[in-house]
Number of protein chains: 2
Amino acid sequence: MYRTNTCGELRLSNVGQQVTLAGWVQRTRKLGGMTFIDLRDRYGITQLVVKADAPEALIQTVNSLGREYVIQAKGKVAERESKNPKMDTGEIEILLDEVNILNKSITPPFTIEDKTDGGDDIRARYRYLDLRRNPLKKALMLRHRITQETRKYLDEHDFMEIETPYLIKSTPEGARDFVVPSRMNPGEFYALPQSPQTFKQILMVAGYDRYFQIVRCFRDEDLRADRQPEFTQIDCEMSFVEQEDVLNMFEGMMRTLFKKVLGIDIPNPIPRMSWFDAMDYYGSDKPDIRYGMKIHEITDLVKGHGFSVFDEAPYVGAIAIDGCASYSRKQIDELTEWVKRPQVGAKGLVYIKVNEDGSFKSSIDKFFSPVEVASIAKAVEAKKGDLIGIIVGDKRKAEVQLGTLRIEMGNRLGLRKSDVFAPLWVVDFPLFEWNEEENRWNAVHHPFTAPKPEHLKYYYSDKKEDIAKVCANAYDFVLNGTELGGGSIRIHDHDVQERMFEIIGLTHEEAEYKFGFLMNAFKFGAPPHGGLAFGLDRVCALFGGSDTIRDYIAFPKNNQGRDVMIDSPSKIDQSQLDELKLNIRENK
Amino acid sequence: MYRTNTCGELRLSNVGQQVTLAGWVQRTRKLGGMTFIDLRDRYGITQLVVKADAPEALIQTVNSLGREYVIQAKGKVAERESKNPKMDTGEIEILLDEVNILNKSITPPFTIEDKTDGGDDIRARYRYLDLRRNPLKKALMLRHRITQETRKYLDEHDFMEIETPYLIKSTPEGARDFVVPSRMNPGEFYALPQSPQTFKQILMVAGYDRYFQIVRCFRDEDLRADRQPEFTQIDCEMSFVEQEDVLNMFEGMMRTLFKKVLGIDIPNPIPRMSWFDAMDYYGSDKPDIRYGMKIHEITDLVKGHGFSVFDEAPYVGAIAIDGCASYSRKQIDELTEWVKRPQVGAKGLVYIKVNEDGSFKSSIDKFFSPVEVASIAKAVEAKKGDLIGIIVGDKRKAEVQLGTLRIEMGNRLGLRKSDVFAPLWVVDFPLFEWNEEENRWNAVHHPFTAPKPEHLKYYYSDKKEDIAKVCANAYDFVLNGTELGGGSIRIHDHDVQERMFEIIGLTHEEAEYKFGFLMNAFKFGAPPHGGLAFGLDRVCALFGGSDTIRDYIAFPKNNQGRDVMIDSPSKIDQSQLDELKLNIRENK
């Protein structure tokens with residue numbers, strides 16, 4: 001071993017001990033004839049000191065040290081004269097009597113500091129240097145802790161970790177697969193899994209009643225900022241359970257993770273909200289409930305006052321924005337332009353200022369008396385000093401626009417605090433959505449999601465309005481406005497499954513072709529089962545108070561799906577193409 | 001929840017309780033008006049009973065049950081009249097008062113019993129049914145236990161679990177890569193990792209001084225019985241360590257696994273053997289030391305007696321086969337033919353019987369006096385009743401042939417007991433081997449494996465015989481004749497690395513092309529580091545006393561690399577090929 005201790009562990013109680021440390025030179029500085037070296041490793045930083053009267057050879061070696069040199073340092077632990085309370089090792093230093101240079105470093109292209117001078121591109125190319133920085137180190141240590149505690153909880157609750165294959169079969173449904181040409185079966189391909197969904201259901205059929213896996217998944221999608229072509233799921237499935245059992249089990253898991261990893265108690269029980277309420281009150285299927293500012297429908301209240309915008313609207317909704325009655329005309333205009341951007345898509349923004357003195361100022365003063373405006377303010381639960389924003393339109397669209405405005409104002413007003421955690425189960429999703437273009441029903445989730453038992457009467461109805469009422473036995477885990485996971489109780493009954501295919505317009509032959517292997521397994525005694533999956537990358541980011549999942553992945557890809565550190569993807573040898581019997585088309 | 005208890009947990013102490021179980025019907029039988037049902041789940045089997053005087057509806061339901069039906073059973077726990085001591089639940093039974101059929105099953109194509117009537121192919125196709133059988137269930141439960149305990153040990157020893165990417169870059173070295181065409185970068189490919197070797201070394205450069213990962217690896221090799229195109233490694237790396245530190249750390253891990261998973265104490269310390277001794281005494285780089293029967297060189301002892309086979313041989317070696325002096329002429333002839341098979345390749349087998357009465361009978365009586373034969377027997381450490389087998393030839397070849405004979409006789413004589421565990425470190429491998437064809441040195445491992453520090457003098461020598469002497473700072477973990485893992489201390493010194501490339505005849509340009517990205521990272525302060533990887537599939541099989549890794553993988557592929565359950569690999573849609581800008585060659 002090149003060291004007796006790490007750079008993070010020595011304390012006053014170690015004073016007088018002879019120690020050997022090893023690590024990277026963070027910085028060196030000279031002060032009154034003495035040289036100070038900050039030595040860094042994964043565990044922390046320890047200050048090394050060489051006195052002015054040290055042997056010449058030692059002083060020379062120390063003088064030759066550059067940033068990021070790897071050294072072994074031997075010396076005695078001493079109490080510091082000027083202590084640094086910000087550092088765990090800030091009360092001690094090492095009086096050096098030997099330094100061995102284990103490896104030199106050329107000058108890094110950016111500083112290895114919490115705030116670095118390196119841009120995104122260069123840090124991605126030299127990811128191994130970026131990973132030396134504290135913020136990334138903390139992110140990966142958090143991820144390590146989360147995965148260990150996750151497995152521990154699941155193991156303690158009798159879940160078996162079972163590895164499912166990565167070389168599977170391409171399915172024509174859902175997102176695009178990455179495929180892998182088979183050399184031994186020319187012209188044929190494996191696919192990389194988008195999730196182990198079918199395998200975990202197969203494991204339930206096989207009798208492994210509690211399964212989990214922390215597993216890589218792959219989707220060849222056009223990438224957005226927060227998407228990676230490969231990502232990690234905490235994937236779980238249980239047999240002989242109903243929705244309540246699944247929610248309790250994973251509520252317990254999240255509670256344990258929060259407690260053990262962050263030392264935080266989250267609400268018990270975690271609140272639940274129906275998808276319909278989430279849409280009506282938050283304009284989102286993943287509400288951020290860290291703050292209020294809920295959406296209120298005021299359609300009935302505002303009709304018939306001669307204001308055609310309201311009178312002609314199928315829906316009028318409003319939110320009371322905390323303390324923004326003081327907004328200037330210019331600020332309100334800016335907000336109006338903001339909701340009119342194509343990304344939001346509102347036609348405009350009607351406002352009411354609820355002044356501190358109780359008076360109102362609004363863009364609808366012409367149509368509404370102060371008493372009528374006051375009743376609107378009351379309906380919207382606006383306080384003195386609030387700004388009411390009103391948006392009209394089709395109900396769901398206007399709700400989403402109001403929800404988007406709500407999130408924006410939450411950000412601007414600092415209401416979305418990264419150290420506050422407000423988990424939420426969203427439940428009772430619609431099972432079907434009407435596909436106007438194809439004039440048929442789509443399954444909102446996948447076609448193995450079960451209807452809620454109490455909605456079976458609608459499920460078997462011939463009426464379109466009944467089918468629209470059927471809720472899925474499905475659930476999402478939402479944290480601070482981000483969906484961290486979701487799942488459902490699956491259909492295990494043959495008749496229910498047949499009816500599902502009938503409703504979504506799949507023939508027997510099509511169902512067989514698309515899902516044959518799973519359907520076949522189900523003939524041999526499928527138990528009632530259900531499960532869910534959490535997105536680990538996102539769980540880690542949110543636990544870390546960040547929304548950049550890339551910082552929580554050791555070696556992420558960029559927006560073009562490239563790993564710029566290793567320069568991949570790349571060309572392969574002609575001989576490899578020959579073995580695979582593949583040609584690359586000329587006119588790409 | 002569909003159940004209050006599992007089928008493995010009820011005992012005499014539960015008698016009188018009202019319980020609900022759920023599971024699969026293993027079998028039903030009628031006996032004197034009563035019906036017995038064996039109900040199975042992951043945890044065990046519980047006997048259900050319906051008495052002759054039960055309600056008619058219940059009797060009818062029970063009569064309709066077929067094998068592998070999924071049912072929910074409610075009733076009272078009662079003490080059995082005739083107890084079954086072989087079952088954990090054998091002292092109780094459930095007196096049923098309600099049975100609900102949760103799902104029916106068509107007749108399985110083979111019996112779900114410990115000994116099944118299904119052949120390999122049909123069991124692979126219906127893997128989900130095969131997985132219901134006890135032997136496979138036990139195998140997967142063992143695997144679960146091993147992975148949990150592995151992570152626990154490594155976490156407790158400050159290892160961080162860090163996920164490395166699956167979509168990486170094809171390298172022209174080593175085994176064949178599986179490649180993944182990139183749609184966003186047409187004509188370019190990712191490769192699936194054969195191991196995270198370069199990434200774990202990068203992580204050491206990044207300062208993560210203790211890394212581990214239980215990770216899938218991929219090799220597109222022509223498959224042999226015990227090979228899978230995807231397999232799982234316990235992959236580890238450490239910084240600031242020497243070989244002794246790595247061996248101690250992972251010896252501790254294996255000891256912990258044996259103790260916690262199997263309740264077995266393995267030798268402390270685990271014996272170590274140099275590669276040279278392993279070859280000389282066992283004719284193998286992965287000796288099975290559960291039994292003796294060591295190889296003895298008797299070249300000097302047997303020369304000059306007029307027996308040209310010995311006189312002309314560069315090497316003569318022998319093993320004493322336990323208690324086989326009683327072999328008939330026919331048996332010895334069979335053994336001689338066995339070693340002459342091309343798979344072994346010996347020219348013949350000279351034998352000496354050491355009879356129980358102390359006399360000898362051999363195929364070399366003409367050339368050796370009884371006293372001389374006795375001295376051979378002594379040199380080979382043969383006891384009365386042993387059969388000495390002698391093989392001649394080139395030293396290493398003859399040793400391997402003797403080693404193969406030793407393993408065969410170990411199998412025939414039942415000396416290779418699956419419940420005896422004899423771990424071993426094999427160390428001090430040669431760093432280089434001479435490539436006769438290309439007239440140059442090859443690196444035996446990869447070219448980042450460090451020479452042993454005490455051999456640096458040979459390493460920098462110009463003489464071929466010195467280079468041949470250089471041992472690698474490398475180690476293999478061997479259990480019962482199987483290599484379970486291996487690794488090395490890596491080169492972190494720039495000069496040592498340059499010399500490596502010089503010895504194996506790589507130019508700077510070639511080294512840059514092949515290993516550029518890692519070499520570049522090494523310029524920024526690489527710490528001394530080393531590590532190893534264990535093959536998890538094989539670890540599980542050996543712990544389970546089996547040599548069939550396929551039983552320890554939930555969804556393995558067959559010898560043609562196919563998953564016959566899901567029928568993969570398979571054709572993909574033309575639209576997928578179009579998006580990837582690929583053509584499949586016509587004349588495959």
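Visitor: Where in chain B does B:D209 lie?

Guide: Happy to show you. In this predicted model, B:D209 is found in the loop between α5 (197-205) and β9 (210-218) of chain B.

Visitor: Why does B:D209 count as buried?

Guide: Buried means under 20% relative accessible area. B:D209 has 1% relative accessibility, so B:D209 counts as buried.

Visitor: What makes the pairing of B:D209 and A:R42 a polar contact?

Guide: The cut-off for such a pair of N or O atoms is within 3.5 Å. The side chains of B:D209 and A:R42 are joined at 3.1 Å, a polar contact.

Visitor: Which residues does B:D209 touch, leaving aside those up to four places away in sequence?

Guide: From chain A, B:D209 touches A:R3, A:R42 and A:Y43. From chain B come B:M204, B:E237, B:M238 and B:S239.

Visitor: Let's turn to the cavities. How many of 30 Å³ or more does a search of the whole structure find?

Guide: Ten. The largest cavity has a volume of about 310 Å³. Of its 23 lining residues, A:R151, A:I214, B:R151, B:E161 and B:I214 are the closest to the centre.

Visitor: Which elements each supply at least two residues of that lining?

Guide: In chain A, α4 (134-156) and β9 (210-218) do, together with α4 (134-156) and β9 of chain B. The lining of the largest cavity divides into six nonpolar, seven polar and ten charged residues.

Visitor: What is the volume of the second largest cavity?

Guide: About 150 Å³. Among the 19 residues lining the second largest cavity, those closest to its centre include A:R143, A:R216 and B:E163. Its lining divides into eight nonpolar, four polar and seven charged residues.

Methods
Residues are numbered from 1 along each chain as its sequence is written. Chains are lettered from A and ligands numbered from 1 in the order in which they are written. This is a predicted model: local features need pLDDT of at least 70, side-chain atom pairs count only at pLDDT 80 or more; totals for chains, interfaces and linings use all residues. Side-chain values use heavy atoms; hydrogens and water are left out. Helices (H or I, at least four residues) and strands (E, at least two) are DSSP runs, numbered from the N terminus. Buried means under 20% relative accessible area, exposed over 50%, partly exposed in between (1.4 Å probe, protein chains only). A polar contact is a pair of N or O atoms within 3.5 Å; within protein, one must be able to donate a hydrogen and the other to accept it, and residues adjacent in sequence count only if both atoms are side-chain atoms. Contact means heavy atoms within 4.5 Å. On a 1 Å grid over the protein atoms alone, a cavity is a set of points where a 1.4 Å probe fits but cannot get out, and a pocket is an open set with protein on both sides within 12 Å along at least five of seven lines; lining residues have an atom within 4 Å of a point. Grid points are joined across faces, edges and corners, and a volume is the space filled by probe spheres set on the points. Ala, Val, Leu, Ile, Met, Phe, Trp, Tyr, Cys and Pro count as nonpolar, Asp, Glu, Lys and Arg as charged, and the others, Gly among them, as polar.
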